[in-house]
Amino acid sequence: GTATVGSLRHALEESPELVERWLGKHVRLEDLAFAALNTAFVEDGAFVFVPAGQKLAGPIELVFCATEQGRATVCHPRNLIVLEEGASAEVIERYVGEGDHFTNTLTEITLGEGASLEHTKLQREDTRAFHIGRIEVHQERASRLRSCSIALGAGLSRTELRTVLAGEEAEVELLGLYMASGSRHVDHHTTIDHAAPHARSRELY
């Protein structure tokens, strides 16, 4: 197979059997109000699929930009990243924008056996903005995730990250950086579920 990088909406139209195999598979919507809201109102987002054994040579950058329209805007980006067995990639999510807006984003990541992902989320929206984001990860045996979450903008921002180490020898490293001033508020909530033995995790914020 070939790697796919593009619109989630387009992928649902062109390859519904592939997207539906993974979309929403590991997210418990009944426990997550904002994830459920995203699912109810999602219009588009990004779809990244890397077949077994393939290694993408360069980083993939996904840019989400909210523009000033004279009124408050709301957007619900939905991203799906799937790396099959032994695949590797680097993905950067960048959130920028001006004016009053509310971003409610959900990124689902599935890593097959031995897959490796470098994932960076950079939030640098207007200080008048509200940003709520969730990253939901499922890791099979010997897979590796290196996650970096950077929050430099928004008046109120919250990023939730949960990864399930579902296979033995899975490995995760969570890194975070945030800067705030005045009355701005920044939250990071992380959960690492060691669901299988002999897995390794590190976290530094």
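**Exercise 1. Find which residues of the largest nonpolar core touch the most other members.**

Step 1. A nonpolar core is a set of buried Ala, Val, Leu, Ile, Met, Phe, Trp, Tyr and Cys residues joined through side-chain atoms within 4.5 Å; buried means under 20% relative accessible area with a 1.4 Å probe, protein chains only.

Step 2. The largest core holds 25 residues, and Ile81, Leu83, Val91, Ile109, Leu111 and Leu117 touch the most other members.

Step 3. Among the elements giving two or more residues to this core are strand 3, strand 5 (78-83) and strand 7. Strands are DSSP runs of E, at least two residues long, numbered from the N terminus.

Step 4. Apart from this core lies another, of 9 residues, including Leu18 and Val82.

This is a predicted model: local features need pLDDT of at least 70, side-chain atom pairs count only at pLDDT 80 or more, and totals for chains, interfaces and linings use all residues. Residues are numbered from 1 along each chain as its sequence is written, and side-chain values use heavy atoms, with hydrogens and water left out.

**Exercise 2. Sort the side chains of strand 3 (residues 60-66) by face.**

Step 1. Ile60, Leu62, Phe64 and Ala66 point to one face and are buried.

Step 2. Strand 3 runs parallel to strand 6 (residues 88-97), joined by 7 bridges; two strands pair if DSSP finds at least two bridges between them. Phe64 stands opposite Tyr95 in strand 6.

**Exercise 3. List the contacts of Leu117, leaving aside neighbours within four places in sequence.**

Contact means heavy atoms within 4.5 Å. Leu117 is in contact with Ile81, Leu83, Ala89, Val91, Ile109, Leu111, Arg144, Leu145 and Arg146.

Definitions and conventions. Buried means under 20% relative accessible area, exposed over 50%, partly exposed in between (1.4 Å probe, protein chains only). Helices (H or I, at least four residues) and strands (E, at least two) are DSSP runs, numbered from the N terminus.
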